[in-house]
Amino acid sequence: MRILDSAPPGWLHRRRRLLLDVLLWAVVAAPVGYAEASPPYSRYSLPLLVGKLLVLGAAVLASRRQPLVALVLAVLGSLVDGNFVFAIPVFSYLAGRRSATVGPAITVFLLIAAGGTALNLGLLGTGAATWFLLASVLLFAAVFPWLVGRYRRQQQELTDAGQRHVDALTREQRGTAERIRLRERARIAGEMHDSLGHDLSLIALRAAALEVAADLDDRHRAAAGELRASVSTATERLHEIIGVLRDEAGASLRPSGETVVDLVDGAREAGMTVRLDAAPAVAELPAMTGHAAHRIVREALTNAARYAPGAPVDVRLTRDGNRVEVTVVNDTASAGPLPAPPSQGSGLLALAERVRLAGGTLDAGHRADGGFAVRAVLPATAPPEPIGSAAEVGLPSRSDERPGPAERPVDAERRLHDARRRVRRSLLVALVAPVGFFLVLSLVYYPVATAGTVLDRATFDQMRVGAARSELVGLPRRQLERPAGVDRAGCEYYTDGNFPLAQPSWRLCFTDGRLVSKEWIA
């Protein structure tokens, strides 16, 4: 543990990458090493083995930063040793997985196809069947693994884009809740400014009356004057520090002296059906608790008037020991169930923040009968210091925040959409491209392979054994290559046009210019 703590940053990551590269080298070098280590041996076996292993090592090293270079090295190695073919799918997959763009890979595949065609058909003189076989190897050993790697890269990008989208939405949700909290705290500060300003003004007024009292000696009169001046200064500071936080747009702050009873009376005057059940013991509550209870009732009555017009509302305030319970319940609107509110629930978030700062808890939601209920439990004594976290209002805590630059949800949504589109396109290409490429190869190879080599069955059946070759009618003008492993001199091979390989189907053998045997090759 002490060694790991003292290791430089990134040491474990570099060590892991080195181990993976060594394992990759061992996998791709195994077929080459086994072939060279197997008899028969020559005096060049060891140098050749070392050279091939070094080429594979260079390809593994290049696969991190230049994966296409690694693929080219594997293809060039296959020209010397056919066992390099086993490494081509591996480096092709890594090229698709680690390359950021598609253009260079397509260019490399086209160059390999063109170079291989020119080398085999032009310089080496191999037949069309051999060329088709090599092209198929390029397709299934190089192109298809590259498409799989490309799909895996796009899939990873989609996962990352989805994670960024979730992070952006989480940050946006946290920022919205934080703005609501700050706005609610500003309202609370404004209300405290009104209340404390009023109390301080009364203290200054009493100090001024005491200062002008006739029966007061000069020493006490001076003290009263200093008290009045200090209170006036404190009032001004309170106005400067807290007064600027007042939300001028929210003109619905609690009027001075308004109680829950006044709220209910005002709602009734507005036409609402409200029943109030308030215990006498809740008349004297701490300032924070009283403000919170007033705000809960006001918000609940406002929501009931907005979303359940005409529904009766039941307001209840009860006290049980050191806690006060505020409950506001409205029935279903006369026109039917409550509609879904168009807002984002900022009112309930603000209520939750106010109740939390007062030291209580809030629970709000729809009832089974379609109505809505708001229930809060508040302390009946002086509230404690604000405790809790964002989780109390259903939001993630700051410990869940992921580091990184902020991203707007619109940008994250667009990135996620683009990543999904790229994955769908890559999947379509991965499924269609091999089939399309194979058909293209077949359509190119088939006409070349079958031109002038097709012998139909009717013509074959009419050929008589013993006839001179010059007398045979319908004999194709061109022969196919002799199948590998067949050593029969004087025989000609033709095809019946089987697609797509155009393999030899008929064998005609001649001796001294006469047909001595004809047969169909299975």
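**Salt bridges and a helix contact**

Trainee: Is Arg-181 buried or exposed?

Mentor: Arg-181 counts as buried, at 12% relative accessibility. Buried means under 20% relative accessible area, exposed means over 50%, and partly exposed is in between, using a 1.4 Å probe and protein chains only. This is a predicted model, where local features need pLDDT of at least 70 and side-chain atom pairs count only at pLDDT 80 or more, while totals for chains, interfaces and linings use all residues. Residues are numbered from 1 along each chain as its sequence is written, and side-chain values use heavy atoms, leaving out hydrogens and water.

Trainee: OK, what does Arg-181 form a salt bridge with?

Mentor: Glu-178, with the closest N and O atoms 4.0 Å apart. A salt bridge here is a side-chain nitrogen of Lys or Arg within 4 Å of a carboxyl oxygen of Asp or Glu. Helices are DSSP runs of H or I, at least four residues, numbered from the N terminus. Glu-178 is partly exposed, at 26%.

Trainee: How many salt bridges does the structure hold?

Mentor: It holds 14. Another one pairs Asp-21 with Arg-64, closest N and O atoms 3.2 Å apart. That pair links distant parts of the chain, helix 2 and helix 3, 43 residues apart. Asp-21 is buried at 13%, while Arg-64 is partly exposed at 25%.

Trainee: New topic: which residues in helix 4 meet helix 6?

Mentor: Leu-68, Leu-71, Val-72, Val-75 and Leu-79 do, and their partners in helix 6 include Phe-109 and Ile-112. Contact means heavy atoms within 4.5 Å.

Conventions:
Helix = DSSP H or I, 4+ residues; strand = E, 2+ residues; numbered from the N terminus.
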